[in-house]
Amino acid sequence: MRVSWDRYFMNLAREAATRSTCPRKAVGAVLVRDKAVLATGYNGSIRGLAHCTEVGCMIENGHCVRTVHAEANALIQAARHGVRIEGADCYVTASPCWDCFKLLANAGVRRIVFAEFYRDEKIWEFARQAGIELVELGWEDAR
């Protein structure tokens, strides 16, 4: 059976997550507009610096801060290649943290589809206020 577009792009996000270099949580993100992939990202260290898998995680307040989050890396990849994000959808394996949500909102992302709710409840209210659609697809729906 042919998968839906949401499932297809979520599967690509899951594949992007396999590149993650933080053993605590592998996250992948895919930015899409008009059924075309604009950019991808996964959580990993600052470009050119050691990864968690090489030197360990850098934990502050219970979170690894060595990594750049998948959503931020997808936005950075788009910027490095001059790709306009406004009006795009973001498919991400775990719901965005507050900082990544703000980045996606300011980049003009109109819809965020995630497979697993991860942490920050306030994204629901701010998404509503900003007119951003949040869709919890779930892993069972992403296959």
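Modeller: A polar contact is a pair of N or O atoms within 3.5 Å; within protein, one must be able to donate a hydrogen and the other to accept it. Keep in mind that this is a predicted model.

Biologist: With which side chain does the side chain of Ser20 make a polar contact?

Modeller: Ser20 is placed in the loop between H1 and E1. A polar atom of the Ser20 side chain lies 3.3 Å from the backbone nitrogen of Cys22. The side-chain partner, at 2.9 Å, is Asn43.

Biologist: Is Ser20 buried or exposed?

Modeller: Beyond four places in sequence, Ser20 is in contact with Lys25, Ala26, Val27, Tyr42 and Asn43. The cut-off for buried is under 20% relative accessible area. Ser20 has 17% relative accessibility, so Ser20 counts as buried.

Biologist: In what order do the strands form the open sheet?

Modeller: The sheet has 5 strands, and the pairing is mixed. Neighbouring strands are turned by 15° against each other on average, direction ignored. The order is E2-E1-E7-E8-E9.

Biologist: Which strands stand at the edges of the sheet?

Modeller: An edge strand here has a single partner strand, so one side of it is left without a neighbour in the sheet. That applies to residues 36-42 and to residues 133-136. The two are strand E2 and strand E9.

Biologist: How do E1 and E7 run, parallel or antiparallel?

Modeller: Strand E1 covers residues 28-33 and strand E7 covers residues 89-92. Ala29 stands opposite Val92 in E7, and Leu31 has Cys90 as its bridge partner in E7. The strands are joined by 4 bridges and run antiparallel.

Biologist: And how do E7 and E8 run?

Modeller: Tyr91 has Val113 in E8 as its bridge partner. There are 4 bridges between E7 and E8. Their direction is parallel.

Biologist: Which hand does the β-α-β unit of E7, H4 and E8 have?

Modeller: The helix of this unit, H4, covers residues 98-107. E7 and E8, its two strands, run parallel. The unit is right-handed.

Biologist: At about what angle to E1 does helix H1 run?

Modeller: Helix H1 is made of residues 5-17. This helix lies across E1, E2, E7 and strand E8. Its angle to E1 is about 140°.

Biologist: Which residues of E7 point the opposite way from Asp89 and Tyr91?

Modeller: Asp89 and Tyr91 point one way from E7. Both of these are buried, and so are the residues that point the other way. Those residues are Cys90 and Val92.

Biologist: What is the relative accessible area of Val92?

Modeller: Val92 lies in strand E7. Leaving aside neighbours within four places in sequence, its contacts include Met10, Ala13, Val27, Ile112 and Phe114. Val92 counts as buried because its relative accessible area is 0%.

Biologist: How many salt bridges does the structure hold?

Modeller: Side chains of opposite charge can pair when their charged atoms come close. One of the pairs is Lys25 with Glu116, whose closest N and O atoms are 3.1 Å apart. The structure holds 8.

Biologist: How many residues apart are Asp89 and Arg110?

Modeller: The side chains of Asp89 and Arg110 meet in a salt bridge, 3.3 Å from N to O. The pair links distant parts of the chain, with Asp89 in strand E7 and Arg110 in the loop between helix H4 and E8; the separation is 21 residues.

Biologist: In which helix do Asp99 and Lys102 lie?

Modeller: Asp99 forms a salt bridge with Lys102, with the closest N and O atoms 3.3 Å apart. Asp99, at 49% relative accessibility, counts as partly exposed, and Lys102, at 37%, also counts as partly exposed. They are 3 residues apart, about one turn of the helix, and both lie in H4.

Note on methods
Residues are numbered from 1 along each chain as its sequence is written. This is a predicted model: local features need pLDDT of at least 70, side-chain atom pairs count only at pLDDT 80 or more; totals for chains, interfaces and linings use all residues. Side-chain values use heavy atoms; hydrogens and water are left out. Two strands pair if DSSP finds at least two bridges between them. Axes are lines fitted to C-alpha atoms, for helices over the stretch in contact, and angles run from 0 to 180 degrees between N-to-C directions. Contact means heavy atoms within 4.5 Å. Buried means under 20% relative accessible area, exposed over 50%, partly exposed in between (1.4 Å probe, protein chains only). A salt bridge is a side-chain nitrogen of Lys or Arg within 4 Å of a carboxyl oxygen of Asp or Glu. A crossover is right-handed if, with the strands pointing away from the viewer, the path from the first strand over the helix to the second runs clockwise.
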